[in-house]
Amino acid sequence: RRSPKISELSPCGPTREKLGVNMDDKKMLTLTRFLSTAKSSYSKDVIHDIVDMMNAIQVAVKVISKAVNRAGMKTSYSAGSVGAGMVRKLDVLANETLINSMSKCPQVYVMATEESRDPIILRDDPGGYEVVFDPLDGSQNIDCNMSLGTIFGIYEKSEQTGGMTSAKNVLRKGCELVASGYVHYGAATMMVMSIGSGVQQFVLDTDIGEFLLIRRRIEIPRRAPMYSVNESNSLVWDDVMVKFINSVKDPKSKKRKPMKSRYVGTMVADVHRSLLYGGLYLYPAAKHRPGGKVRLLYECNPIAFLVEQAGGKAFTIDPESGKPERVLQVKPTDLHQRIPFYCGSFEDIAELEKMYEKAGPSQSLMSKL
């Protein structure tokens with residue numbers, strides 16, 4: 001009786017068919033090939049630039065994926081006993097890997113990352129693309145072998161030339177993104193991304209070292225069967241949020257079937273499930289954190305861009321008016337600005353948005369900042 005080959009035991013060996021990957025080499029479509037031939041409203045020059053930058057991101061996340069998969073074997077990646085706010089070693093590796101890879105792209109002039117206090121300026125002459133990323137989302141899950149992710153966004157090329165690059169060059173609205181995506185490090189390494197013409201999903205085939213297309217278009221269902229939110233904070237939510245969650249899980253409701261609660265605690269994992277099956281990802285303001293928790297520039301904007309491209313909806317609460325506002329229209333005021341964040345299936349998010357609109361500023365924690 002023969003022993004199985006290594007390729008037969010690999011996660012991307014016999015499971016390729018289950019993931020939707022065609023085994024015919026002629027029909028395999030790599031991420032680079034897809035981007036080069038995709039229909040888009042962008043010019044050929046912009047597509048060329050995006051391909052180059054995505055090649056750099058691919059190299060980095062392949063390195064991170066391998067490190068994540070080996071994290072349990074190496075104590076150097078173990079978080080151990082660390083206090084709140086301390087950076088874990090795998091965070092540092094992910095951050096440095098992305099910075100080193102992106103810095104070799106001549107199209108990129110500035111970067112912003114969760115792990116760096118200030119913008120990373122590659123050249124002092126503004127006129128290029130800005131790349132932002134959360135290098136390792138869900139890093140609190142490292143030691144317990146749960147899902148991790150990387151979030152990235154590419155803001156459109158600045159036509160400004162001359163002068164000095166500063167933090168002001170980095171503070172861009174989400175509607176200025178030309179591409180965004182995330183990488184989900186799970187049973188397989190998945191990349192979900194958009195260049196403004198729908199949302200596509202790719203899987204990393206470890207046998208050939210390429211991201212292969214497995215879904216040409218992800219469309220989030222209009223109604224959500226589940227929601228993702230940290231309900232341990234429900235006692236410090238505003239009244240609108242409490243009322244909404246109670247209504248969507250009410251078994252006696254005549255409007256809908258009661259939603260199920262699914263919460264991993266990794267933004268990438270919870271959003272990924274919501275995109276595929278329909279769902280809500282909610283991180284509302286709380287009395288002890290009225291300004292919200294998730295970061296606008298490199299977490300909310302890239303995710304909101306994806307959700308809208310998939311047919312969903314994303315909004316936040318304006319701190320001055322206390323009214324709902326489209327996330328992609330918010331002008332950042334700080335590199336690490338945090339906001340309340342609500343996104344997911346269109347109909348349910350629209351319903352929550354109307355509840356905030358009707359309640360007015362008096363019910364919003366943001367208006368009390």
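At what angle do the axes of helix H4 (residues 44-70) and helix H5 (residues 89-102) cross? In this predicted model, the two axes come within 8 Å of each other and cross at roughly 160°. Angles over 145 degrees count as roughly antiparallel, and H4 and H5 are therefore roughly antiparallel to each other. Their crossing is right-handed. On the H4 side, the contact is made by Met-53, Ala-56, Ile-57, Val-59, Ala-60, Val-63, Ile-64, Ala-67 and Val-68. These residues meet Leu-90, Leu-93, Ala-94, Thr-97, Leu-98, Ser-101 and Met-102 in H5. The residues of this contact comprise 14 nonpolar, two polar and no charged ones.

An open sheet is formed by eight strands, in the order S2-S1-S3-S4-S5-S6-S7-S8, with mixed pairing. Its edges are strand S2 (120-121) and strand S8 (210-215), each of which pairs on one side only. Strands of a sheet pair through backbone hydrogen bonds, either parallel or antiparallel. Strand S1 (residues 108-113) and strand S3 (residues 129-137) run parallel and are joined by five bridges; Met-111 stands opposite Val-131 in S3. Helix H4 packs on this sheet, where it touches S1, S3, strand S4 (148-155), strand S5 (177-185), strand S6 (189-194), strand S7 (200-205) and S8. The direction of H4 makes about 165° with that of S4. A further helix, H7 (residues 267-277), lies across S3, S4, S5, S6, S7 and S8. H7 runs at about 105° to S5.

The loop between S1 and S2 contains Ser-116. With a relative accessible area of 15%, Ser-116 falls under the 20% limit and is therefore buried. Leaving aside residues up to four places away in sequence, Ser-116 touches Asn-95, Ile-99, Leu-335 and His-336.

Helix H8 (residues 296-309) is mostly covered, with 12 of its 14 residues buried. The buried residues of H8 are Leu-296, Leu-297, Tyr-298, Glu-299, Cys-300, Asn-301, Pro-302, Ile-303, Ala-304, Phe-305, Leu-306 and Val-307. After H8 comes Gly-311, which has a positive phi near 95°.

Strand S13 (residues 313-317) is largely enclosed by the rest of the structure, because five of its five residues are buried. The burial extends to both faces of S13: Lys-313, Phe-315 and Ile-317 lie on one side, and Ala-314 and Thr-316 on the other. Two strands pair with S13. Strand S16 (residues 341-344) runs antiparallel to S13 and is joined to it by three bridges. Strand S14 (residues 324-326) is likewise antiparallel to S13, and three bridges connect these two strands. Phe-315 takes part in pairing with both: its bridge partner in S16 is Tyr-342, and in S14 Phe-315 stands opposite Arg-326. S13 and S14 form a hairpin with six residues between the strands. In this hairpin, Gly-322 adopts a positive phi near 75°.

How values were computed. Residues numbered from 1 in each chain as written. Predicted model: local features only at pLDDT ≥ 70, side-chain atom pairs only at ≥ 80, totals over all residues. Heavy atoms only, no water. Axes fitted to C-alpha atoms, helices over the stretch in contact; angles between N-to-C directions. Helix = DSSP H or I, 4+ residues; strand = E, 2+ residues; numbered from the N terminus. Parallel < 35°, antiparallel > 145°, perpendicular 65-115°, else oblique. Left-handed = near helix turned anticlockwise from the far one by under 90°. Contact = heavy atoms within 4.5 Å. Nonpolar A, V, L, I, M, F, W, Y, C, P; charged D, E, K, R; others polar. Buried < 20%, exposed > 50% of the residue type's maximum accessible area, 1.4 Å probe, protein only. Pairing = 2+ DSSP bridges.
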